[in-house]
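Here's a quick walk through a structure, taken a piece at a time. Have the viewer open and click along as you read.

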Amino acid sequence: MIEVDGVVSVILLVIRIVALGGAAYALFHAARQRKDAFTAVDKLSKPIWLSILAVAFLVLLLFPAVQLFGIVAVVAVCVYLVDVRPRVDDVQRGPRW
């Protein structure tokens, strides 16, 4: 029979790995973008986003993703991936038509 503690531990491990992967991707993406692309879409500057994402990555290394600091880090990464990244990509690609 499967123990509940074992299943919960596996789920929390998967959440942590996904959160770390998302934070690493967001940090890598932000580092590769032009500096003026962030201000062109009225977002925080590139150094500020790099700082936020680097701190989020370190927090996710140190704390579980389901504790308070981990949740704050996941929210910061999600804001970048859902709001900032698409706009920065759009401004650098130009119109799609």
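What follows goes from the core to the first helix, then to the charged residues and a loop.

This is a predicted model, so local features need pLDDT of at least 70 and side-chain atom pairs count only at pLDDT 80 or more, while totals for chains, interfaces and linings use all residues. Residues are numbered from 1 along each chain as its sequence is written, and side-chain values use heavy atoms, with hydrogens and water left out.

Let's start inside. The largest nonpolar core has 19 residues, and Phe38, Leu53, Leu60 and Tyr80 have the most contacts within it. A nonpolar core here is a set of buried Ala, Val, Leu, Ile, Met, Phe, Trp, Tyr and Cys residues joined through side-chain atoms within 4.5 Å. "Buried" is under 20% relative accessible area, "exposed" is over 50%, and "partly exposed" is in between (1.4 Å probe, protein chains only). Helices H1 (4–32), H2 (35–40), H3 (46–62) and H4 (68–93) each give two or more residues to this core. Helices (H or I, at least four residues) and strands (E, at least two) are DSSP runs, numbered from the N terminus.

For a closer look, pick leucine 53. Setting aside neighbours within four places in sequence, leucine 53 is in contact with Ala26, Leu27, Ala30, Ala76, Val77 and Tyr80; contact means heavy atoms within 4.5 Å.

Now follow H1. Its 29 residues reach 42 Å from first C-alpha to last, close to the 42 Å expected at 1.5 Å a residue, where the expected span is 1.5 Å times one less than the number of residues. Ala19, Leu20, Gly22, Ala23, Ala26, His29 and Ala30 are buried in H1, and H2, H3 and H4 are among what covers the buried residues of this helix.

On to the charges. A search of the whole structure turns up six salt bridges, each being a side-chain nitrogen of Lys or Arg within 4 Å of a carboxyl oxygen of Asp or Glu. One of them pairs arginine 34 with aspartate 36, with the closest N and O atoms 3.0 Å apart. Arginine 34 is partly exposed at 42% relative accessible area, and aspartate 36 is partly exposed at 42% too.

In H4, aspartate 89 and arginine 93 sit four residues apart, about one turn of the helix, and their salt bridge has its closest N and O atoms 3.9 Å apart. Aspartate 89 is buried at 13%, whereas arginine 93 is exposed at 54%. Arginine 93 also bridges to aspartate 90, at 4.0 Å between the closest N and O atoms. Salt bridges that share partners join Arg85, Asp89, Asp90 and Arg93 into one network. An α-helix has 3.6 residues a turn, so residues three or four places apart point the same way.

Beyond its neighbours within four places in sequence, lysine 46 is in contact with Ala30, Ala31, Gln33, Arg34, Lys35 and Phe38.

Finish at the loop between H2 and H3, the place of aspartate 42. Aspartate 42 isn't a glycine, yet has a positive phi of about 55°. Most residues other than glycine have a negative phi. Aspartate 42 is exposed, at 72% relative accessibility.
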